[in-house]
Every structure is written in structure tokens, then in C-alpha cells.
Amino acid sequence: QDDHNEDCSYFPIQCECNKVLRRRMMRVHKATQCPIAMINCRHCQRRMQRRSHHTHISRSCQEVRVSCPYEDLGCIVRVKRKDLEQHLQNSQVKHSKLQTKSH
């Protein structure tokens with residue numbers, strides 16, 4: 001019986017993330033779902049746990065394109081997060097005009 005359980009693809013096993021699933025599903029789970037599996041950010045290639053990826057992209061990844069904070073006033077520029085500060089410096093006059101128009 002123990003030998004069968006070692007090889008049985010239907011035998012339940014526990015992932016490091018504590019999820020219990022059938023042995024045959026472990027590879028798919030680790031490749032696509034496991035929150036603690038290490039993955040590379042698709043934008044900057046930084047290694048992180050899958051559960052951190054969404055926050056990394058939405059808050060800190062420097063390679064993600066973001067909208068200008070003056071978008072609501074009409075600036076339609078999208079730049080990589082790492083270039084946003086430069087855009088803001090280069091566009092001060094343009095942004096001032098947009099602010100003046102909106103009032």
C-alpha cells in the first residue's frame with residue numbers, strides 16, 4: 001500500500017502553501033496557482049513569490065507603463081514608472097496649462 005501511495009497520481013499530497021491536492025495536479029498547481037511559488041515579473045524579471053506579483057506590478061515595478069497623474073486633466077502620456085519623474089519635470093509647463101484650463 002505504501003509503495004502504491006508513493007506513485008499513485010490520485011494520492012492527496014500537501015503543497016508547501018498548505019493546499020492539499022492530488023499528486024498529478026501538483027505540477028500544474030506550482031506552475032500556475034501556488035501563491036508561494038517563485039516567479040519572474042513579466043515586466044522586469046525580478047524574482048518574487050506569485051502572491052506578491054500583483055502588488056509589485058501595481059505599486060513598484062519600474063518597468064510597468066503608468067498613466068501621468070495629470071491624466072484626468074488631459075495629459076494622455078503613459079511612461080514606464082521609472083521614467084515618470086522625468087516626464088513630470090519635463091512637462092511642468094504643459095501640466096500647469098492643463099490645471100489652468102480645468103479651473
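A residue is called buried when its relative accessible area is under 20%, exposed when that area is over 50%, and partly exposed in between (1.4 Å probe, protein chains only). By this scale Lys80, at 27% relative accessibility, counts as partly exposed. The structure is a predicted model, in which local features need pLDDT of at least 70 and side-chain atom pairs count only at pLDDT 80 or more, while totals for chains, interfaces and linings use all residues. Residues are numbered from 1 along each chain as its sequence is written, and side-chain values use heavy atoms, with hydrogens and water left out. Helices (H or I, at least four residues) and strands (E, at least two) are DSSP runs, numbered from the N terminus.

**Salt bridges**

- A salt bridge is a side-chain nitrogen of Lys or Arg within 4 Å of a carboxyl oxygen of Asp or Glu; by this rule the count comes to three.
- Glu16 and Lys30 form a salt bridge through their side chains, at 2.3 Å from N to O. This pair links distant parts of the chain, 14 residues apart: Glu16 is in the loop between S1 and S2, and Lys30 is in helix H2 (residues 26-32).
- Glu16 counts as exposed because its relative accessibility is 55%, whereas Lys30, at 33%, counts as partly exposed.
- The side chains of Glu63 and Lys80 also meet in a salt bridge, at 2.9 Å from N to O. Here too distant parts of the chain are linked, 17 residues apart: Glu63 lies in the loop between helix H3 (50-60) and strand S5 (65-67), and Lys80 lies in strand S6 (residues 78-80).
- Lys82 forms a salt bridge with Glu63, and their closest N and O atoms are 2.9 Å apart. Lys82 is in the loop between S6 and helix H4 (84-90), 19 residues from Glu63.
- Glu63 is partly exposed, with a relative accessible area of 21%, and Lys82 is partly exposed at 44%.

**Arg50, a buried charged residue**

- Arg50 lies in helix H3. Lys and Arg count as positive and Asp and Glu as negative, while His and the chain ends are not counted.
- Arg50 is buried yet has no salt bridge, and the nearest side chain of opposite charge, Glu16, is 10 Å away.
- The side chain of Arg50 reaches the backbone oxygen of Lys30 at 3.4 Å.
- Contact means heavy atoms within 4.5 Å. Not counting residues up to four places away in sequence, Arg50 touches several residues, among them His29, Lys30, Cys34 and Ile39.

- Arg50, His53, His56 and Ile57 are buried in H3. Seen down the helix axis, the buried residues fall within an arc of 95°, so they line one face of H3. The arc is that of the directions from the helix axis to the C-beta atoms.
- These buried residues pack against H2, S3 and S4.
- The face of H3 turned away from the buried side carries the exposed residues Arg51, His54 and Arg59.

**Nonpolar cores**

- A nonpolar core is a set of buried Ala, Val, Leu, Ile, Met, Phe, Trp, Tyr and Cys residues joined through side-chain atoms within 4.5 Å.
- The largest nonpolar core has nine residues, including Ile39, Met48, Ile57, Val66 and Leu84. A second, separate core of six residues includes Cys17, Leu21, Met26 and Cys34.
- Apart from its neighbours within four places in sequence, Leu84 is in contact with Val66, Ser67, Cys68, Pro69 and Val79.

**Loop residues with a positive phi**

- Most residues other than glycine have a negative phi.
- Asn18 is not a glycine, yet has a positive phi of about 85°. Asn18 lies in the loop between strand S1 (12-14) and strand S2 (20-22), and counts as exposed because its relative accessibility is 56%.
- Gln45, likewise not a glycine, has a positive phi of about 70°. Gln45 is placed in the loop between strand S3 (38-40) and strand S4 (47-49), and counts as partly exposed at 49% relative accessibility.

Key
A polar contact is a pair of N or O atoms within 3.5 Å; within protein, one must be able to donate a hydrogen and the other to accept it, and residues adjacent in sequence count only if both atoms are side-chain atoms.
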